[in-house]
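The structure to look at comes next.

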Amino acid sequence: MSAIDSTQDTVLARLASIEAGVASMLERQRRQDEMLDELRPMMSVAMRSVTQRLDEFERKGHAEFLRELSAVGQRVLESYSADDVRQFGDAIIGILDTVRAMTQPEVLSVLGEAAGTLAHAEKAEALGLVGMVRASGNTDVQRGMGVLMELLKKVGQGASAARRSGAPVKRLEARISPRATAGALASTAPKSRAAACGTMKAAAPAAEVVSIDGVAFTPDGHLADPSAWTRPLGERLAATLGVQLTEAHWKVLEFARKDWEATGSAPNIRRITTSIDVTTKELYALFPKAPGRTVAKIAGIPKPAGCL
């Protein structure tokens, strides 16, 4: 056999192999097309079903509910640290036990009767001192007074125990008492940083502005006149809140000042983390307790919207 014949045989063999491969590819493509043709009606039905479900979901208000729930979750993330969540986890059993005790039939019965009495309070007869003394002779009234005194005793014991432990009461006072928060600002103890964000409330009247070392503050611990802020004053405020300032701290504080000057509103945690190169985790590491509120205090600007 000549070399030419050998080369022709090789070429023909390769062409045959290529032809077989192409035929195999065409067969696979045909099968895929057939499968897609079979799936297309089912996919169309599935898409219509999903669209209908989403439309029904929207019309019933579920989507709006989830959006609002997401907003609540964001506020929780901005208002509480990981340590707060761990403490809540430790206390959850006690909370559930209390809820179970409060929902016992006999307790609900008493609460229902009390609510009914309050609902018809306008029909109650006014009593003077003599009338109260006379009413105290009733056995049920005496028993109710005994229960009330025992309840007050337990509340007092709990308050005393909480004060001895320190931090829980400080945190509660910082949430419910503006003057307690102002006093905390003047203290150098780290636990004075317990203020946290929560529901928005009205700003304190100007008459309630307090002065600390010649500097005017609102009762909840913010600088009364943001234009009076200086960098040395920011350092003093940080020291009272137990924060040791670094360049990373100043980066956040300077942004907060500039953003407030530009918008007229103090930035919250989300705005800070989306505007400068800092994550929420890093922000909590810099300002461990209520970062949004703490940044506003040190930067000498009003509290962010949504903070107590």
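The paragraphs below go through salt bridges and the exposure of their partners.

This is a predicted model, in which local features need pLDDT of at least 70 and side-chain atom pairs count only at pLDDT 80 or more, while totals for chains, interfaces and linings use all residues. Residues are numbered from 1 along each chain as its sequence is written, and side-chain values use heavy atoms, with hydrogens and water left out.

A salt bridge here is a side-chain nitrogen of Lys or Arg within 4 Å of a carboxyl oxygen of Asp or Glu. Ten salt bridges are counted by this rule.

One of them joins glutamate 27 to arginine 30, with 2.3 Å from N to O. Both sit in helix α1 (residues 3-59), three residues apart, so about one helical turn separates them. Helices are DSSP runs of H or I with at least four residues, numbered from the N terminus. Glutamate 27 is partly exposed at 30% relative accessibility, and arginine 30 is partly exposed at 38%; the class lies between buried (under 20% relative accessible area) and exposed (over 50%), with a 1.4 Å probe and protein chains only.

Helix α1 also holds aspartate 37 and arginine 40, three residues apart. The closest N and O atoms of their salt bridge are 2.9 Å apart. Aspartate 37 has 46% relative accessibility and arginine 40 has 48%.

In helix α10 (residues 247-263), arginine 257 and glutamate 261 are four residues apart, which means about one helical turn lies between them. Their salt bridge has its closest N and O atoms 3.9 Å apart. Arginine 257 is buried at 10%, whereas glutamate 261 is exposed at 53%. Elsewhere, salt bridges with shared partners link Glu27, Arg30, Arg31 and Glu34 into one network.

Methods. Helices (H or I, at least four residues) and strands (E, at least two) are DSSP runs, numbered from the N terminus.
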